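Here are my notes on the model you sent. Please read them with the structure open.

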Amino acid sequence: MLSPGLSVCLLAASCALWPPAVRAASCEPVRIPLCRSMPWNMTKMPNHLHHSTQDNAVLAIEQFEGLLGTACSPDLLFFLCAMYAPICTIDFQHEPIKPCKAVCERAKQGCEPVMKRYNHSWPDSLACSELPLYDRGVCISPEAIVPVEGSDPYYPDPARCNPESSPDFPMDSSNLHCKGTNAGRCKCQTVRMGQKTYLKNNYNYVIRARVREVRNRGLEPTAVVEVKEVLKSSLVYIPRETQTLYYSSSCLCPPLTPGEEYLIMGYENDETSRLLLIDHSIAQKWKDKMRSKVKKWDRILRRKGEAAQQQSRH
């Protein structure tokens with residue numbers, strides 16, 4: 001977050017009030033297309049990744065367009081722009097302000113599982129451990145920026161939530177949940193359970209569970225469930241007891257109703273031993289016939305994996 005009194009240039013009109021020498025020496029207009037929707041329009045090079053010009057930064061940040069298209073985290077675009085086109089302020093002319101560590105962690109938590117499905121990992125250059133904590137230094141986060149009166153509040157660009165424009169991450173678009181520019185509301189569309197979806201998404205865990213509570217307080221929405229049966233577990237040991245499932249955004253997709261029993265398919269974060277409910281996760285009311293279907297699909301998936309391994313050896 002921003003420390004009290006820190007002046008943030010959000011609009012060109014406010015930047016025009018700066019003395020010409022200060023503007024020329026410290027800041028330049030943001031020219032990176034992905035970052036033009038941010039609540040700041042002035043940046044400073046080199047950025048936090050040591051790109052000396054915005055032209056170099058554009059080439060580097062564009063590699064994340066596919067990931068942005070999956071809407072894996074509402075914090076991802078803000079975090080990337082804070083790194084690649086850092087905000088430039090009057091008070092901090094010599095060194096660009098970094099995003100807060102919590103923003104990085106939220107983006108990583110939502111998006112790294114998606115990256116791993118495509119054999120990628122969170123880049124070392126974007127390590128969250130290198131970023132300041134809110135209470136121990138100056139940093140920025142989406143919830144801390146208050147726009148200039150008359151300007152629109154910050155919301156992720158809905159165009160970035162279109163997976164059809166993301167060939168690097170071809171995924172079923174029926175379960176995306178993106179904030180709109182008007183009301184900022186969420187809209188959940190349930191992924192239909194079926195063999196094709198199961199084989200395509202390769203879920204880390206599949207459980208039968210009764211929902212005890214859904215919590216949408218603070219920055220980490222969660223669902224508390226009582227695990228009745230573990231049909232699949234890949235990275236995290238899942239005992240048949242109360243477990244916490246972590247949503248990747250406040251949209252709470254897929255939706256869960258307390259007291260109901262569901263078949264839940266999702267992903268795991270082996271570093272934090274968390275069970276995740278991210279885009280393309282499935283939660284459907286439990287029916288006994290689902291058990292045999294999942295076991296059949298998992299056998300097919302394993303056979304496909306074994307066949308692929310054998311081909312790679314020859």
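1. Contact here means heavy atoms within 4.5 Å. Leaving aside neighbours within four places in sequence, Gln54 is in contact with Glu28, Pro29, Val30, Arg31, Ile32, Thr43 and Met45.

2. A word on the basis. This is a predicted model: local features need pLDDT of at least 70, side-chain atom pairs count only at pLDDT 80 or more, and totals for chains, interfaces and linings use all residues. Residues are numbered from 1 along each chain as its sequence is written, and side-chain values use heavy atoms, with hydrogens and water left out.

3. Gln54 belongs to helix H3 (residues 54-61). Helices (H or I, at least four residues) and strands (E, at least two) are DSSP runs, numbered from the N terminus. Gln54 counts as buried because its relative accessibility is 1%. Buried means under 20% relative accessible area, exposed over 50%, partly exposed in between (1.4 Å probe, protein chains only). The Gln54 side chain reaches the backbone nitrogen of Arg31 at 2.7 Å.

4. Now the strands. E8 (residues 261-269) is mostly covered, with 9 of its 9 residues buried. Two strands pair if DSSP finds at least two bridges between them. E8 runs antiparallel to E5 (residues 205-215), joined by 6 bridges. Here Glu261 in E8 stands opposite Arg210.

5. E8 also pairs with E10 (residues 282-285), antiparallel, over 4 bridges. Ala283 in E10 stands opposite Ile264.

6. E9 (residues 274-277) is joined to E8 by 3 bridges, again antiparallel. Tyr267 has Leu276 in E9 as its bridge partner. The E8 and E9 hairpin has 4 residues between the strands, and Ser273 takes a positive phi near 55 degrees.

Notes. Polar contact = N/O pair within 3.5 Å; in protein donor to acceptor, adjacent residues only side chain to side chain.
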